Amino acid sequence: RDVYLAATMKSPLFAFTMEELVKLRGRDKEPLWYSVKKYAENNSDDLSKRLTAFTEKLDYYREASRNMLCHKLLYMIITDSGFNALRDDSGNGRLRRSVRRMYSHSLACAAGGGGLHDFILYLKGLMSQTEAKEAASDANAVTIITVHRSKGLEYPVCFISDGAREF
């Protein structure tokens, strides 16, 4: 989960730098969340103030997610964060389009009464459908997947690597 937390912290919404993340972790081997909390509690510099605001915001969103439909939660995060005021350096507004697309998916999920957990499952389903379509659309491609990922997919030729090894 450290990867997800670090990605959130480095995102344009919170704008922590890689140097700040390295400073947080130091030599600790504990999860990033504990390093964030510990640094915020034990220091009084600008970074600790930003970390305190960050953890309070995450706690606020976590609490809100318990009682809100996914599209309302996503809309609240987008408006609270000032996302619309951020500059989109991704080229041709790709970041904004991605967020709008995610929001439209949240509306589709919410039509069935979906909360955050349902939305995550909905997105995972969309991703696996997309991957299957991409694999099927390129007939000249070699697809390397695990046995578990291949469930429900059919290929005319399959190679099983390292088959002599015991499971």
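1. Conventions for axes. Helix axes here are lines fitted to C-alpha atoms, over the stretch in contact, and angles run from 0 to 180 degrees between N-to-C directions. Helices (H or I, at least four residues) and strands (E, at least two) are DSSP runs numbered from the N terminus. The model is a predicted one: local features need pLDDT of at least 70, side-chain atom pairs count only at pLDDT 80 or more, and totals for chains, interfaces and linings use all residues. Residue numbers start from 1 along each chain as its sequence is written, and side-chain values use heavy atoms, with hydrogens and water left out.

2. Overall make-up. The protein has seven helices and zero strands. Along the sequence the pattern reads α-α-α-α-α-α-α. Of the 167 residues, 22% are buried. Buried means under 20% relative accessible area, exposed means over 50%, and partly exposed lies in between (1.4 Å probe, protein chains only). Contact means heavy atoms within 4.5 Å. Among contacts with a separation of 6 or more, 41% join residues 24 or more positions apart.

3. H1 against H4. Two packed helices are described by the angle between their axes and the distance between the axes. The axes of H1 and H4 come within 12 Å and cross at roughly 115 degrees. That makes H1 roughly perpendicular to H4. The cut-offs are these: under 35 degrees counts as roughly parallel, over 145 as roughly antiparallel, 65 to 115 as roughly perpendicular, and the rest as oblique. The crossing of H1 and H4 is right-handed. A crossing is right-handed if the near helix is turned clockwise from the far one by less than a right angle, and left-handed if anticlockwise. From H1, Leu5, Thr8 and Met9 meet Leu51, Phe54 and Leu58 in H4.

4. H2 against H4. These two helices pack at about 90 degrees, with axes 12 Å apart. H2 and H4 are therefore roughly perpendicular to each other. H2 supplies Glu20, Lys23 and Leu24 to the contact, and H4 supplies Leu47, Arg50 and Leu51.

5. H1 against H2. The axes of H1 and H2 come within 10 Å and cross at roughly 135 degrees. The two helices are therefore oblique to each other. Their crossing is right-handed. Asp2, Ala6, Met9 and Lys10 of H1 make the contact with Met18, Leu21, Leu24 and Arg25 of H2.

6. A search of the whole structure finds four aromatic pairs. Rings of Phe, Tyr and Trp (its six-membered ring) pair if their centres lie within 6.5 Å; planes under 30 degrees apart count as stacked, over 60 as edge-to-face and the rest as tilted. Phe14 and Phe54 pair edge-to-face, at 4.8 Å centre to centre with 85 degrees between the planes. Phe14 lies in the loop between helix H1 (2-10) and helix H2 (18-25), and Phe54 in helix H4 (residues 46-65), so the pair ties together parts that are 40 residues apart in sequence. The rings of Phe16 and Phe54 have centres 5.6 Å apart and planes at 80 degrees, so this pair is edge-to-face. Phe16 lies in the loop between H1 and H2, so its pair with Phe54 in H4 ties together parts that are 38 residues apart in sequence. Phe54 is buried, at 2% relative accessible area. Phe16 is buried at 3%.

7. Charges over rings. The charged end of Arg50 sits over the ring of Phe16, 4.3 Å from its centre. Arg62 lies over the face of Trp33, at 5.8 Å from the ring centre. The test is NZ of Lys or CZ of Arg within 6 Å of the ring centre and within 35 degrees of the ring normal.

8. Ala15. Check the backbone here. Ala15 lies in the loop between H1 and H2. Its phi is near 55 degrees, a positive value in a residue other than glycine. Most residues other than glycine have a negative phi. Ala15 is partly exposed, with a relative accessible area of 44%.

9. Ser35. Is this serine buried or exposed? Ser35 is buried, with a relative accessible area of 1%. Ser35 is found in helix H3 (residues 32-42). Leaving aside neighbours within four places in sequence, Ser35 is in contact with Leu24, Arg25, Asp28 and Glu30.
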